Amino acid sequence: MAQPDTKKIFFENLSGAGKAIAVLTSGGDAQGMNAAVRAVVRMGLYVGAKVYFIHEGYQGMVDGGDNIREATWETVSSMLQVGGTVIGSARCKEFRSHEGRLKAAHNLLQRGITNLCVIGGDGSLTGANLFREEWSGLLTELVEQGLIEADSVQKYSALHIVGMVGSIDNDFCGTDMTIGTDSALHRIIEVVDAIMTTAQSHQRTFVLEVMGRHCGYLALVSALACGADWVLIPEMPPEDGWEDKMCGKLSANRAGMKRLNIIIVAEGAIDRNNKAITTDYVKDLVVRNLGFDTRVTILGHVQRGGTPSGFDRILASRMGVEAVLALLETTANTPACVVSLCGNQSVRLPLMECVQMTQEVQKAMDNKRFEDAVKLRGRSFENNLKTYKLLAHRKPESELPVSNFNVAVLNVGAPAAGMNAAVRSAVRVGISEGHKMFAVNDGFEGFYKGQIKEIKWADVGGWTGQGGSLLGTKRTLPAKHVEKIAEQMRKHNINALLIVGGFEALESLLQLYEARAIYEELCVPMCMLPATISNNVPGTDLSIGADTALNAIVETCDRIKQSASGTKRRVFIIETMGGYCGYLATVGGLASGADAAYIYEEPFDIRDLQANVEHLTEKMKTSIQRGLVLRNENSNENYTTDFIYQLYSEEGRGVFDCRKNVLGHMQQGGAPSPFDRNFGTKISAKAMQWVTKKLVETFRHDEGRVFANSEDSCCLLGMRRRALIFQPVVQLKDETDFIHRIPKEQWWLKLRPLMKILAKYKTSYDVSDSGQLEHVVHNQPKESDASVAM
């Protein structure tokens, strides 16, 4: 069984003894900042450093006094699920002056602080870098004024800065996602989903304004996630005459029996002449030209509020730990860096390179170089824009290529949120590529029974936000029905297959690949998209549906913990789904602040259970009021949820009492999260483009048919570290434990020591995979549209 290799670098090698680290949040607040602060404090204490809070951002640094306070383990308890920033944030004019920075330097030196972790936007990080560059000069001035001793100049000669980007706008170049963006998307999508029901009732058009200042990321991704009719963003203003085109599209959609229209406007939206496009202007336009009942909704600061999503909690926790590691490794010559996640990997980037590129975007927009602005935002943004255009704007029949290919799409395995978004994307991209698309109901069971029918563009309208599987899905494998499936392939002249599903989908593809030797009808391009809440499919770091399940777990854990608020000390034992895969238990534990998470991949015995109980008992006596223990459903056949509940109840008697919860199928239900909607949409679009390419490559003109029997014509599209990769399913066999239905190696096992450190365990931490300083230009690999989030 694959184990996380935590023996490479031990606790002693990460010593921060004698160092003082200060953490501050500056500029606008963002959900997830508290998770980052918590991670910095606990990782800092873990390595032996002193850690300080700077309250109220740079203002607190300038004012000093009680604004700079030493942090303890307990001071960051119960803040993981809190939105905003509990240490406060403020914009500070005084810090922009030399005198203000001199005061700030003096206040830091009084406490021996020379390591700063700044969580904020580009303005906050630019200010931190200027502070760092002036540091030696400031020390000299302080000596001249007699405020510090001369030997302090040598002792505190360098100020080390590491930044984390906390901003809901996602407007910082060099990182795929900033802290808070995913949570803001959750707020937007919740509102849009609610508005869609009332709009449908009254046949209304809604114009929604979302935040983002000069960045259209939130508008673009929310439009992609809800299937909006039109989106207006500053990076790509509409062509002249857009008003008539938009009204024409709205009118055509109504004529196609669609009862509502959604238009999303970024707050910084402009036209080609850099003139602002407002929601009122758009509303008046629709009313004047079409006479539709039209309402405006401005979401405003709702987008900044609420609890952070599971994704933001994990992102912030990983980045907080990475920031402390970066501070420990800095030297006097190391440039100030910003830590971020590219794909699924931690990276460190020179802070000022990122800031300069971010500023270049604004310059490009000011100079009307809009194509450049989109490119500078990064490949993820560019890919979002291309995908939106592909799915939202249907070409006239006369402009569509004629391929004469038939492509079937089906769902296999258990339902997962985001499956419908993937099917919608496949159908619409397929039609745009000139194919005739067929939907198969009830997986391979429906396939061999002939439940196959053509599916049109309008048939998948509104599917993006629907949970479950609208096509229907079954766990039936094709092996016993291959002859009938081949017959249906021949009958409907199916030239390619797109399968959206979990582990059963992988097994199905392997069976169909092996059956090619007997049935030529199966010699067609086949592609699988991983969709399962368990995230147990080899060949991919993430699966469609896992993020929605994670959020269901995190929201429930928050409520369960809150239920014990104000009562006596209590520990909750919670069982999660996942089969033998411990992904949900591990990331759910990390995101909800669990004290332990029991999984199959990391064997445990009664001694481990006893140590966990003793550790939790000690914490309960001294600090925390509520404990959380997660257990994967198949982690151990003997140490069941009931057993662990009874053990904790008995051993904790007199200190805490216990309750248990089995979360069950609530993890499988609900509307898909923004992440799952967009991940499903984007990888499905990419898969359909691959299918088109393979159909062209394998078409035999002399025989007038498609013939594909090579390994690379039967693939799984998965996300690996920083890239989306097509992998032949045959090659994935060696990576798979078929008995327990899990990959032999799983990246998320490296998160487990992090969870233990944040729960106050002394453990080894493997830093071999931590980020290395790279340049921004190298931060965009060829396939980097596989950004971990959107």
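Predicted model: local features only at pLDDT ≥ 70, side-chain atom pairs only at ≥ 80, totals over all residues.
Biologist: Which residues of helix α4 are buried?

Modeller: Residues are numbered from 1 along each chain as its sequence is written, and side-chain values use heavy atoms, without hydrogens and water. Helices (H or I, at least four residues) and strands (E, at least two) are DSSP runs numbered from the N terminus; buried means under 20% relative accessible area, exposed over 50%, partly exposed in between (1.4 Å probe, protein chains only). In α4 the buried residues are Ser-124, Leu-125, Gly-127, Ala-128, Asn-129, Phe-131, Glu-134, Trp-135, Leu-138, Leu-139 and Leu-142.

Biologist: How far apart are the end C-alpha atoms of α4?

Modeller: Helix α4 covers residues 122-144, 23 residues in all. The expected span is 1.5 Å times one less than the number of residues. That gives 33 Å, and the separation in the model agrees with it: 33 Å.

Biologist: Where does α4 bend?

Modeller: The bend at a residue is the angle between axes fitted to the seven residues ending there and the seven starting there. In α4 this angle is about 55 degrees, and the residue is Trp-135.

Biologist: Which helix makes a β-α-β unit with β12 and β13?

Modeller: Strands pair if DSSP finds at least two bridges between them; β12 (residues 406-412) and β13 run parallel, joined by four. The unit is right-handed, that is, with the strands pointing away from the viewer, the path from the first strand over the helix to the second runs clockwise. The helix, residues 419-432, is α14.

Biologist: Which residue of β14 is the bridge partner of Ala-439?

Modeller: Strand β13 (residues 436-440) has four of its five residues buried. It pairs with β14 (residues 452-454) in the antiparallel sense over three bridges. The partner of Ala-439 is Lys-453.

Biologist: Which residues is Lys-621 in contact with, leaving aside its neighbours within four places in sequence?

Modeller: Lys-621 lies in helix α20 (residues 606-622). Contact means heavy atoms within 4.5 Å. On that basis Lys-621 touches Arg-569 and Val-655.

Biologist: How many contacts beyond four places in sequence does the model have for residues 778-790?

Modeller: The protein averages a pLDDT of 91, with 95% of the residues scoring at least 70. Over residues 1-12 pLDDT stays under 50, with 29 such contacts. Residues 778-790 also stay under 50, and their count is 58.

Technical notes
pLDDT = per-residue confidence, 0-100.
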